[in-house]
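Dear colleague,

Please read them with the structure open beside you.

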Amino acid sequence: MKIFATYNIKGGVGKTSTAVNLGFLAASQGYRVLLWDLDPQGAASFLFRIKPRVKGGGKALIQGRRPVDAAIKGTDFDNLDLLPADFTYRNLDLLLDEAKRPARRLASLLAPLESDYDLVILDCPPSISLLSESVLHAADLLLVPLIPTTLSVRTLDQLTDFVGGFNGHRPDVFAFFSMVDRRKRLHTQIAHDLPQERGDFATAAIPALSVIEQMSVRRAPVTAFAPRSQATQQYAALWQEARDRAGLAAPAS
Ligand SMILES: Nc1ncnc2c1ncn2[C@@H]1O[C@H](COP(=O)(O)OP(=O)(O)OP(=O)(O)O)[C@@H](O)[C@H]1O
Ligand SMILES: [Mg+2]
């Protein structure tokens, strides 16, 4: 089982869209996938038409009073399950703070699922917090969507430095450009140059496309409702790079 997380300290950069589409693509290839919507806003749960509710709230999960698998819901798609958001997740930081070894908590909560899933994707809220630290410690691959600007690259370097200071397990930081606007010269230039100069960038980039925005109207991954779109092509290319980079073996069946 590999754990991916879509993470950026910034909001509205494409974390949830990426988690949802890569989750769908992986599941459609036969991987058993669990997506955990860690954001109290519940956008990923909304997109999969699942109520953002966990019995007992985040507290029961974090304290281990309710096993994680009891909260898991099936989605409309084969091989793809969701651990929904809950509004109490806004307090996850406090709950983690009370836990033993908070930075390791998510990893240990997910450990019993090892034989049930090939891939877990953590969709994180935008922040840098104890929760994000716990996510960083659990993840094998950190997918970091960046809007192509010079400042966003600085943010990435700060994140890489932060992760580099961890003892023991460190996630592989893998950035990609998101919401690339073809009409902006700086966007296309940065999105073209950086992946060639640096080893921590995906070659695939996700363009700004209205069909991706349509996900919130259709309440489904764009990769499911528009399989032949440019959006799907790019998400598929990103998925392939991420899968290869993480060394995820071909699905069993
Ligand atoms: N490539 C894209 N092109 C156009 N719109 C996009 C693209 N990616 C995401 N969006 C839209 O931008 C908004 C924010 O995207 P998304 O929810 O994926 O970002 P996020 O980083 O998860 O946000 P948050 O920090 O609030 O969790 C959504 O309305 C989504 O439909
Ligand atoms: Mg989100």
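The lining of the second largest pocket is made up of six nonpolar, five polar and one charged residues, where Ala, Val, Leu, Ile, Met, Phe, Trp, Tyr, Cys and Pro count as nonpolar, Asp, Glu, Lys and Arg as charged, and the others, Gly among them, as polar. This is a predicted model, in which local features need pLDDT of at least 70 and side-chain atom pairs count only at pLDDT 80 or more, while totals for chains, interfaces and linings use all residues. Residues are numbered from 1 along each chain as its sequence is written, chains are lettered from A and ligands numbered from 1 in the order in which they are written, and side-chain values use heavy atoms, with hydrogens and water left out.

A pocket here is an open set of points on a 1 Å grid over the protein atoms alone, where a 1.4 Å probe fits, with protein on both sides within 12 Å along at least five of seven lines, and its lining residues have an atom within 4 Å of a point. Among the residues that line the second largest pocket are R182, H192 and Q234, and α8 (185-197) gives the most to this lining, with three residues; helices such as this are DSSP runs (H or I, at least four residues), numbered from the N terminus.

Ligand 1 sits in the largest pocket, meaning that more than half of its atoms lie within 2 Å of the pocket's grid points. The lining of that pocket divides into 13 nonpolar, nine polar and three charged residues, and α1 gives the most to it, with four residues.

Best wishes

Definitions and conventions
Helices (H or I, at least four residues) and strands (E, at least two) are DSSP runs, numbered from the N terminus.
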